[in-house]
Each structure stands twice: as structure tokens, then as C-alpha cells.
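Here are a few exercises to work through with the structure open beside you. Try each task before you read its solution.

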Amino acid sequence: MLIDDRMETLRGLLQNRIPLPGAGATAERHKRLFEIGRIDLSLARLAEAHWDAVAILAESGREAKADCIYGVWASERPGQQLTLVGSADSFRVSGQKAFCSGAGLIDRALITVGEMEQRLVDVDLHRNTDLIHFDRSEWKTNVFRETRTDTATFDEVRVSATDLIGEPGWYLHRPGFWHGACGPAACWAGGAAALVGYAERQSREDPHTIAHLGAMHASIWAVLSYLDSAGHQIDACPEDREQALIRALTVRHLVEQSCTEVLRRLPRAYGPHPLAMDEDIARGYQELDLYLRQSHAERDLEKLGRTVLASLRLGKGVYTRCHTLAENSGRQW
């Protein structure tokens, strides 16, 4: 799909809002992201970022600007944080920000600035085209090239006090940060489901291929169950940040493992043909493999383990409160 076609598709897609996390239909939100990921992972990356930004703004008591596609540029490199200087109603943002997806394509971005107590800034990208410069030379792979994940340089971009979202530290310390972290996992799962859909359409019926197909089918059943369960639990206790952290890191790990299992089994079942001679499957396979690296792997698992232990030492039940509330609400999890 060409960039212009994808952006036209994206704008049409974003006309229909999806449920906000914690508002009573989070499982449906996850399912919508899953379905977009199954159609096109490049499209899903941009859509998920927009809907994450909409959720962040809603959590801060604001609404997204009409007819604007948003991104969330929150990647951090040690020693390369953006700076925010000024006072009263006049501030300036300067420095470099890596991994800015949608550069030159989207209209606005929520951007983290500062090092210790980060601030979140809503930046109008069209109004500052002469002060924001994009460099895509660092992105060497063709995977996700059309989503334009560039390094952005901000040259004293002027923002006002009304462009600052939340207090210092609010972005990372709110429960919604972890609710939003389940969104990319839903997209990963959709990308894996697209690969399994390819397998289901093939005519090979030797025992080894069929065994791989069965295992991949089970992986997709599992990820849908993880996302559904997480959605209902988020709705049951949306303000519990500790549970949100534990849940998000658990779900992301489980979905990553299931998607990795699909990546491992597909070429073992069907050989090099789909990865070398089927353009759509080859692209989807490579995109999923790279997209999964948004997971922080063992670093996230260490954070998960330490949080679980800290919760247990304080006498809190890790598996009870949100599970019980979700169950009592009459929902399945």
C-alpha cells in the first residue's frame, strides 16, 4: 500500500472512535487494534499511536483536536532528552528525539521532554515546520519505512502553557500509561494472526505441517484470551496503577511469546517460500519481528518480578482484587 493510500485509509479509520481504556469496553478496544494489526501492521502502528494520544488527552481532561492525526513521541535515549525552557506562558522545546513514527505524515504529536520529571507537550507539527527537522537516514531497514520513523530535531519550538499536558511526571505515573501499553500488544497479536491466516489457506496436509498449524492456531487463541481478560480487568479497577503495571507487563510478555512462536513455526512448516516469494507475508513477517522489539524483554520481566515481590511483601494479593471485580461484574476473563 502506497503512503498516500495508507494515510487516506488511516484518516477514514480514525473517524470511528474506539473505546477509551478503563471506560467499560477495553476488551473491545483491544479487539479493534487486533483487527487493524491483522490487516496491516504499518497502519496499526500509526492508528494505535493516535488512539493512545486521544486516551492520554482524555485522561488529562482534554479532547484531541478535530481532524488531526496524532502520534506519541516518547522514546528516550540516555543523554539525548529534549529540553523545555521558559516560564509563564512562553516555553521553547529544543534537542533531538529518536523513533518519531509518522514524521511528516501526522498533524500533532504528544512529546516527552525533560530528564527527571518529564513533561508531556502537545506540539502542532504543521505550525512548526521550519523549526522541526526530520532525519530518516538512521532507519536502515525497509521494514516500516513507510511509517517514517525518523529522528526529529527541535530548534527552539515555541509552545504555550496550554500545550503542557499534566504536571511534571504525570505521563509516566498515571495508571493509563500501563493501560495504553497493552495497545501495541494487541497490534502484535493481529500481525501474528495474519501470518496464521496464510497458513490456514495452504493446501499442505503432511503431519508436520498440520502440527505446526495446530500450534499456531493455539497461539492466536491464547493472545485473544490474554487481551480479553486484560480488558475486563482494566475496566474493573482502572485507577489501580500497581495492578495496571503488573497486568501490562504480563500481557506484553505473554503476547510476545505467542507471536514469537508463530514466527518460529511458520517457516518451519512452509519453508522459505512465503518469506522469499510472497511479498505480503514476507513484509508482515519482518514487520512483526521488528515490532515485537518494542517489548523490553528481560528488562520488563525484571520490573514485573520486582513489582510482584514488592506487592507481596506489603501483603497485597497480586491475583485477587481485579480478577474478583471482573468476575463479579458478570464478564468472562
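Helices (H or I, at least four residues) and strands (E, at least two) are DSSP runs, numbered from the N terminus. Contact means heavy atoms within 4.5 Å. Axes are lines fitted to C-alpha atoms, for helices over the stretch in contact, and angles run from 0 to 180 degrees between N-to-C directions.

You're looking at a predicted model, where local features need pLDDT of at least 70, side-chain atom pairs count only at pLDDT 80 or more, and totals for chains, interfaces and linings use all residues. Residues are numbered from 1 along each chain as its sequence is written, and side-chain values use heavy atoms, with hydrogens and water left out.

**Exercise 1.** Work out the strand order of the open sheet with mixed pairing, and find its edges.

*Solution.* Start with the pairing rule: two strands pair if DSSP finds at least two bridges between them. The four strands then come in the order β1-β4-β5-β8. β1 (70-73) and β8 (164-165) each have a single partner strand, so one side of each lacks a neighbour in the sheet. Leu 120 has Ile 165 of β8 as its bridge partner. Finally, look for what lies across β1, β4 (108-113), β5 and β8: that's helix α3 (residues 41-59), at about 85° to β1.

**Exercise 2.** Which residues of helix α1 (residues 3-13) are buried?

*Solution.* Use the cut-offs: buried means under 20% relative accessible area, exposed over 50%, partly exposed in between (1.4 Å probe, protein chains only). Arg 6, Met 7 and Leu 10 come out as buried. Seen down the axis of α1, the buried residues fall within an arc of 95° (taken from the directions from the helix axis to the C-beta atoms), so they line one face of the helix. Asp 4 and Glu 8, on the other side, are exposed. The cover over the buried residues of α1 includes α3 and α9 (279-291).
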